[in-house]
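Reader: I would like a close look at one part of this model, the protein surface beside a DNA strand. Please take me through it slowly.

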Protein chains: 2
Amino acid sequence: MKTQPDILKQSGLSVTESRKKILDLFLETDGALAHADIEKNTASAFDRVTVYRTLQTFVEKGIIHQIPTTDNSVLYALCRHNCEQGHHHDDHVHFICSTCDKTICLDEVTVPDVKLPKNFTKQLAAMVVTGVCEDCK
Amino acid sequence: MKTQPDILKQSGLSVTESRKKILDLFLETDGALAHADIEKNTASAFDRVTVYRTLQTFVEKGIIHQIPTTDNSVLYALCRHNCEQGHHHDDHVHFICSTCDKTICLDEVTVPDVKLPKNFTKQLAAMVVTGVCEDCK
DNA sequence: TATTTTTTGCACTAATGTTGCAATTAATTT
DNA sequence: AAATTAATTGCAACATTAGTGCAAAAAATA
């Protein structure tokens, strides 16, 4: 089993308390996390700024990815499968439950292909589905 | 041809300078607009708060819709077709050009259907494609 | 263990969004 | 068309969220 220090070292990052703890949080969380969630769940053990910088670093290193939302919040998530190897795949669908408000990565569901108009080139595609999740059904 | 006052009245809104001007901006803009863009383009003729409230109102009345983004900005857009009648369709794909940074509504491209895992119910789906647009090709 | 490099936390700054309330403007009524 | 009513606007104050420089602290390296 891969420990947090392993993941961090693998990405060429120094192993620090904040990084271990925040990575931990992602590993034990099913859904996506916002900056605020992380501050809450770490009991403000780290400075706000540290959390911002850690998230930034994790995104750069491909440990977590950002999820598009319509309100102006930024959500981050770790993929559950196949993402430890360094190259991150975030071509899966994200699900936002309108009842419990959780955001869940549907790693099994791949973003379907779309035919773009002439002269448009696709690089990346993201999909967010809103509805009711299995727990709130 | 439908004028701004027509659209406003149709939505049961009083016709005011700010609403006319902001709606105008959307009508003559191809892509999506952020709050900041509107402030710039109206030469700060209206108060920041008025712009916020106007956007809110337009969203509520279905004149414009919000576009999901991964950075923490909120983008608004008017659909080019079929959206004047009151019930707004925003099941189309949004395109963000990584070169010119514009966000474009691809009204012709409908969000494809996805098969969700068991016990998940879909209400809404949004799709954002990043790439190079026709102008930057 | 000593040195170098990186990361952290603090203080400050900036940007963004919200609310109450009086003044103004638009819509309605007579 | 003027008066009344209703809605919208702008200001001020406040709240929240995010970003930066720099010295102190911690981690990595030698």
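**The surface near DNA strand C**

Author: α2 (17-27) and α4 of chain A, with α3 (35-41) and α4 of chain B, each supply at least two residues of the surface near DNA strand C. This is a predicted model, in which local features need pLDDT of at least 70 and side-chain atom pairs count only at pLDDT 80 or more, while totals for chains, interfaces and linings use all residues. Residues are numbered from 1 along each chain as its sequence is written, and chains are lettered from A and ligands numbered from 1 in the order in which they are written.

Helices here are DSSP runs (H or I, at least four residues), numbered from the N terminus. A residue is near a strand if its C-beta atom, placed from the backbone, lies within 6 Å of it. There are 21 residues around DNA strand C, and A:T16, A:S18, A:D47, A:T50 and B:S14 come nearest. The element that gives the most to this surface is α4(A), with 4 residues.

By class, the surface near DNA strand C has 8 nonpolar, 9 polar and 4 charged residues. Ala, Val, Leu, Ile, Met, Phe, Trp, Tyr, Cys and Pro count as nonpolar, Asp, Glu, Lys and Arg as charged, and the others, Gly among them, as polar.

DNA strand D can be described in the same terms. Around DNA strand D there are 21 residues, of which A:S14, A:V15, B:T16, B:S18 and B:T50 come nearest. α4(B) gives the most to the surface near DNA strand D, with 4 residues. That surface divides into 8 nonpolar, 9 polar and 4 charged residues.
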